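Hi,

Here is the structure I promised to pass on.

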Amino acid sequence: MTDQTNPILAIISHSPLSGQHLYEALAALMVLATYGQAVQLMFVGDAVQSLQQLPNPTPQPSEKFTPAFKSVQAMIESFEFYDLLPVWIADQPLPMQPLVECVAISLNQLNLQQFKAVLTW
């Protein structure tokens with residue numbers, strides 16, 4: 001049973017190429033969702049890039065970030081199974097080809113008191 005009355009707001013600001021930061025943040029939030037805690041995800045700044053669908057170019061052997069980034073993309077694509085949609089994008093345009101359902105919001109209109117907690121990564 002999901003606790004929809006007091007969701008946790010998770011603000012993600014790490015770019016998709018910031019090492020394991022983004023991967024670990026999403027993994028922790030998915031664990032919360034697995035155990036019934038409602039989580040509202042908000043991507044800000046460079047993190048919005050991770051919501052953009054990548055073209056499928058021929059992989060280069062020198063691209064060392066590709067496997068980690070692909071695993072983050074796979075996690076994002078599974079958000080619907082964890083009731084993590086729609087993803088909020090704060091004060092930025094929506095990606096042209098988003099991986100998942102996204103909604104643009106204004107931080108000025110956000111009431112933080114409606115959330116059980118605010119986590120930032």
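Where in the chain is A47 found? A47 sits in the loop between β2 and α2, where helices (H or I, at least four residues) and strands (E, at least two) are DSSP runs numbered from the N terminus.

Before I go further, some ground rules. This is a predicted model, so local features need pLDDT of at least 70 and side-chain atom pairs count only at pLDDT 80 or more, while totals for chains, interfaces and linings use all residues. Residues are numbered from 1 along each chain as its sequence is written, and side-chain values use heavy atoms, with hydrogens and water left out.

**Confidence**

pLDDT is the predictor's confidence in each residue, from 0 to 100. The protein chain averages 86, and 84% of the residues score at least 70. As a reminder, where pLDDT is low, the predicted coordinates should not be read in detail.

**Overall layout**

The protein chain has two helices and five strands, and along the sequence they come in the pattern β-α-β-α-β-β-β. Of its 121 residues, 39% count as buried (buried is under 20% relative accessible area, exposed over 50%, partly exposed in between, with a 1.4 Å probe and protein chains only). The accessible surface comes to about 7300 Å², and carbon and sulfur atoms account for 55% of that; these areas come from the Shrake-Rupley method with a 1.4 Å probe, and for residues only the protein chains shown count as cover. Contact here means heavy atoms within 4.5 Å. Among contacts between residues at least 6 apart in sequence, 73% join residues at least 24 apart.

**The cores**

A nonpolar core is a set of buried Ala, Val, Leu, Ile, Met, Phe, Trp, Tyr and Cys residues joined through side-chain atoms within 4.5 Å. The largest one has 24 residues, and L26, L41, F43, L51, I76, F79 and V100 touch the most other members. At least two residues of this core come from each of β1 (3-12), α1 (21-34), β2 (37-43), α2 (66-77) and β3 (87-90). The biggest share is from α1, which gives six residues. Another core, of nine residues, lies apart from it, with I11, V44, A90 and L110 among its members.

A47 counts as buried, at 0% relative accessibility. Leaving out neighbours within four places in sequence, A47 is in contact with I12, S13, H14 and S15. A47 and I11 are 36 residues apart in sequence, yet 9.5 Å apart in space, C-alpha to C-alpha. S50 is in the loop between β2 and α2 too, and S50 is buried, with a relative accessible area of 0%. The S50 side chain reaches the backbone oxygen of A47 at 2.5 Å. (A polar contact is a pair of N or O atoms within 3.5 Å; within protein, one must be able to donate a hydrogen and the other to accept it, and residues adjacent in sequence count only if both atoms are side-chain atoms.)

**The loop between α2 and β3**

S78 lies in this loop and is buried, at 15% relative accessible area. A polar atom of the S78 side chain lies 2.7 Å from the backbone oxygen of M75. D83, also in the loop between α2 and β3, has a positive phi of about 55° although it is not a glycine; D83 is exposed, at 54%. P86 is in this loop as well, and the peptide bond from L85 to P86 is cis, with omega near -5°.

D91, in the loop between β3 and β4 (102-105), has a positive phi of about 50° without being a glycine. D91 is partly exposed, at 48%.

Rings of Phe, Tyr and Trp (its six-membered ring) pair if their centres lie within 6.5 Å; planes under 30 degrees apart count as stacked, over 60 as edge-to-face and the rest as tilted. By this rule there is one aromatic pair. The rings of W88 and F115 have centres 6.1 Å apart and planes at 75°, so the pair is edge-to-face. W88 lies in strand β3 and F115 in the loop between β4 and β5 (117-120), so the pair ties together parts 27 residues apart in sequence. W88 is buried, at 16% relative accessible area, and F115 counts as buried at 10%.

Cheers
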